[in-house]
Amino acid sequence: MVQLTPKQKQELLSVLLSNKTKLEQQLLDAESATGVVTLDQSSVGRVSRVDAMQQQSMAVSTRAIAEASLRKVLKTLKRMDAEDFGYCGECDKPIQFNRLKVQPQASHCLKCQDQLDQA
Ligand SMILES: [Zn+2]
């Protein structure tokens, strides 16, 4: 049983690839943001250092989130040709294409995801 048409798959693929590019750019930005603080630490005053540290920790968590998302995107790209791609890992029903379009890395249908989120 084929759920996704080649055209739909192509659409998802381009969503994934553009997500990948965005995330990679975010990671690069976060990297330069975390790098700057270490270099400037001795030359800035106390207040701006606190600021810089806050910015740094924000950049660190941004980076962590971006890294996790990027891993998911890469995993999804590999999974796309698998037979069970687009099917819910819980109830085995096809995941709605509209949901996949927003979140190609979704591994569960909305109903099961809701239940997982509540658990
Ligand atoms: Zn499900």
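## Burial and the overall fold

A residue counts as buried if 20 or more other C-beta atoms lie within 10 Å of its own, as exposed if 12 or fewer do, and as partly exposed in between. By this criterion, 10% of the 119 residues of the protein are buried. The model described here is predicted.

The protein contains four helices and zero strands, and its pattern along the sequence reads α-α-α-α. Of the contacts between residues at least 6 apart in sequence, 56% join residues at least 24 apart.

## Confidence of the model

The average pLDDT of the protein is 86, and 88% of the residues score at least 70. Among the helices, mean confidence is lowest in α1, at 85, and highest in helix α4 (residues 110-118), at 94.

## Lysine 9 in helix α1

Lysine 9 belongs to helix α1, which covers residues 6-40. Lysine 9 is partly exposed because 18 other C-beta atoms lie within 10 Å, a count that falls between the limits of 12 and 20.

Leaving aside residues up to four places away in sequence, lysine 9 touches Leu4 and Met80. Glycine 86 stands 77 residues from lysine 9 along the chain, yet the C-alpha atoms of the two are separated by 9.6 Å.

## Methionine 58 in helix α2

Methionine 58 lies in helix α2, formed by residues 46-79. With 13 C-beta neighbours inside 10 Å, methionine 58 is likewise classed as partly exposed.

Methionine 58 can also be placed relative to alanine 33: the two are 25 residues apart in sequence, and their C-alpha atoms are 9.4 Å apart in space.

## The loop between α2 and α3

The loop between α2 and α3 (97-102) holds aspartate 92. Aspartate 92 has 10 other C-beta atoms within 10 Å and is therefore exposed. Its backbone phi is near 70°, a positive value in a residue other than glycine.

Lysine 93 is found in the loop between α2 and α3 as well. Lysine 93 has 13 C-beta neighbours inside 10 Å, so this residue counts as partly exposed. When residues up to four places away in sequence are not counted, lysine 93 touches Tyr87, Cys88 and Cys109. Lysine 93 and glutamine 3 are 90 residues apart in sequence, with a C-alpha to C-alpha separation of 9.8 Å.

Technical notes:
Residues numbered from 1 in each chain as written. Predicted model: local features only at pLDDT ≥ 70, side-chain atom pairs only at ≥ 80, totals over all residues. Helix = DSSP H or I, 4+ residues; strand = E, 2+ residues; numbered from the N terminus. Contact = placed C-beta atoms within 7 Å. pLDDT = per-residue confidence, 0-100.
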